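Open the model in a viewer and keep the sequence panel beside it. The stops below go in order, each with something to select.

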Amino acid sequence: MTTGYTAAFAPAMRAALAEAAAALAEHPPEVPVGAVVLDAAGVVIGRGHNRREAGADPTAHAEIEAIRAAAAAVAGWRLTGCTLVVTLEPCTMCAGAISAARMARLVYGAADPRAGAAGSLWDVLRDRRLDQQTEVIPGVLEDECARVLRDFFAGRRHPGR
């Protein structure tokens with residue numbers, strides 16, 4: 001259950017979950033990860049979901065897609081004061097993009113112990129050796145976010161379920 005300060009991010013995480021659902025609707029289906037970028041006022045200015053298969057692009061992660069959309073919306077690469085909300089903990093590439101965009105905050109749902117770079121395997125965003133540190137808020141709607149991924153991978157291992 002998400003409570004307190006983190007509960008304020010539940011509506012944005014639901015928007016990210018909607019993006020994850022859009023990834024499933026791609027042909028072929030993408031790994032269902034979705035992301036949204038909020039401006040300092042909490043307004044969604046960027047959306048994205050995985051499009052690696054559709055775009056034949058290894059960098060087309062949900063976070064990158066949402067960051068690109070937000071940068072286009074503000075007509076600049078600096079997303080200072082913005083928050084990235086994503087259903088799965090970012091990998092090192094995406095954590096690097098969050099840092100490069102100078103984003104203030106990352107909110108994620110499910111942890112990724114195999115590739116997570118926001119506290120699970122690495123902690124790129126809070127590394128004090130870097131010029132930019134980002135606030136990290138894990139576990140928002142964690143069970144729902146994890147369930148989407150579990151169901152997707154279970155279906156791939158056991159088609160017809």
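Select Leu84 to begin: Leu106 in β4 stands opposite Leu84. This is a predicted model, in which local features need pLDDT of at least 70, side-chain atom pairs count only at pLDDT 80 or more, and totals for chains, interfaces and linings use all residues. Residues are numbered from 1 along each chain as its sequence is written, and side-chain values use heavy atoms, with hydrogens and water left out.

Next, colour the strands. Helices (H or I, at least four residues) and strands (E, at least two) are DSSP runs, numbered from the N terminus. Strand β3 (residues 83–88) and β4 run parallel and are joined by five bridges; two strands pair if DSSP finds at least two bridges between them. Stay on Leu106 and look for Val136 in β5, which stands opposite Leu106. Here β4 and strand β5 (residues 135–137) pair in the parallel sense, over three bridges.

Is β4 mostly covered or uncovered? Strand β4 (residues 105–110) is mostly covered, with six of its six residues buried. Buried means under 20% relative accessible area, exposed over 50%, and partly exposed in between (1.4 Å probe, protein chains only).

Select Arg102, in the loop between α5 and β4. Phi of Arg102 is near 60 degrees, a positive value in a residue other than glycine. Most residues other than glycine have a negative phi, and most peptide bonds are trans. Arg102 is partly exposed, with a relative accessible area of 37%.

Go to Ala75, in the loop between α4 and β3. Ala75 is not a glycine, yet has a positive phi of about 55 degrees. With a relative accessible area of 73%, Ala75 is exposed.

The last stop is Pro28, in the loop between α2 (10–25) and β1 (34–38). Which kind of peptide bond joins His27 and Pro28? The bond between His27 and Pro28 is cis, with omega about 0 degrees.
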